[in-house]
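This report describes a domain interface and a group of paired strands. The sequence and structure are shown first.

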Amino acid sequence: MKYAIGLDLGGSSIKYGLVSNKGDILQEGKIPSFADESSDRIIEQLLLAVDTVKEYATNNNIELCGIGIGTPGIVDQINGVVLGGAENLKGWENIPLGDIISKYSGLKVWVNNDANVMGLAETRFGIAKGCTDVVFLTVGTGIGGALIIDGKLYGGYKNRGTELGHFPFIADGEPCACGSVGCLETYASAAAMVGRYKRMYKDMNDMECSDVDGEEIVRLYKNGDKLAMAAIDENCRFLGHGIAGFINIFSPQKVVIGGGLADAGEFYLEKIREASRLYVMPDCALNTTIEAAILGNSAGFMGAAGLCLNE
Ligand SMILES: [Zn+2]
């Protein structure tokens with residue numbers, strides 16, 4: 001049995017765990033990331049998480065084979081350097097994270113993008129266990145993505161690709177956080193669905209609606225609320241359309257959908273499946289199923305640990 005430390009760095013917290021190569025979690029926890037303060041502060045917190053898990057491992061005579069880190073942004077995974085692109089982490093660019101953590105801990109360190117490691121976790125330990133070809137999408141405020149091809153994470157040349165949420169979807173479309181317009185995430189993310197609901201509410205009632213989130217819209221949908229039904233119908237149609245594109249290109253065994261909306265229930269998945277069937281080339285989709293992620297909040301640190309456990 002092999003064991004590794006997994007760290008999942010986010011805008012508000014660091015989730016960490018001690019994970020075996022079979023996917024057992026021996027210890028886990030969560031601390032604030034202080035991401036709005038400075039990169040030094042974030043690193044301090046990462047080291048604190050490392051110390052906590054190392055202490056547990058020492059006390060239990062567990063030998064560690066390394067530390068894996070999932071971080072927002074673009075990562076040079078060969079040199080373990082965070083290059084940038086993580087808007088919600090202050091000063092988080094050109095950080096030689098692999099070297100810093102490795103020098104401190106004496107362990108080998110792997111670093112990769114957070115959505116990538118979540119996709120890896122679902123493939124190694126979760127709903128796509130045993131699959132070699134997987135498309136992973138995490139649908140929340142934005143849409144993150146990961147590709148596993150032939151059993152390995154695929155990131156494009158120098159790991160700068162697989163921004164599946166920024167698949168150009170509609171020319172002259174809505175402005176996107178990435179600086180372009182009409183990306184998939186501006187139409188199919190949870191935030192896009194909430195925006196659509198609010199606009200329809202205002203048109204119909206001539207007043208702003210009180211604050212709603214994706215969860216509330218799902219609840220309204222289940223109660224037969226017409227606007228919520230229209231907003232979710234549209235969200236699933238856009239997402240299914242985008243997924244059909246990914247299926248046509250990659251013909252994966254599974255498309256795995258994570259993020260808050262994946263917990264909406266089977267009805268949500270079924271609507272996405274229906275929509276993707278409308279647009280996909282059936283020959284490309286012959287071996288593909290669309291499933292919800294199952295590892296939830298543990299996916300990030302499990303996949304991070306999985307980076308080491310691959311070796
Ligand atoms: Zn974009």
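## Interface between the domains

Domain 1 and domain 2 share two residue pairs in polar contact, both at pLDDT 80 or more; a polar contact is a pair of N or O atoms within 3.5 Å, one able to donate a hydrogen and the other to accept it, and residues adjacent in sequence count only if both atoms are side-chain atoms. On the domain 1 side, strand 5 (74-76) and helix 3 (114-124) each supply at least two residues. Helix 3 gives the most, with five residues. Helices (H or I, at least four residues) and strands (E, at least two) are DSSP runs, numbered from the N terminus.

The model is predicted: local features need pLDDT of at least 70, side-chain atom pairs count only at pLDDT 80 or more, and totals for chains, interfaces and linings use all residues. Residues are numbered from 1 along each chain as its sequence is written, and side-chain values use heavy atoms, without hydrogens and water.

Strand 2 (residues 13-20) is largely enclosed by the rest of the structure, because eight of its eight residues are buried (under 20% relative accessible area, 1.4 Å probe, protein chains only). Ser13, Lys15, Gly17 and Val19 point one way, and Ile14, Tyr16, Leu18 and Ser20 the other.

Strand 2 pairs in the antiparallel sense with strand 1 (residues 3-9) over seven bridges, and likewise with strand 3 (residues 25-32) over seven bridges; pairing requires at least two DSSP bridges. Valine 19 stands opposite alanine 4 and has isoleucine 25 as its bridge partner in strand 3.

Conventions:
Buried means under 20% relative accessible area, exposed over 50%, partly exposed in between (1.4 Å probe, protein chains only).
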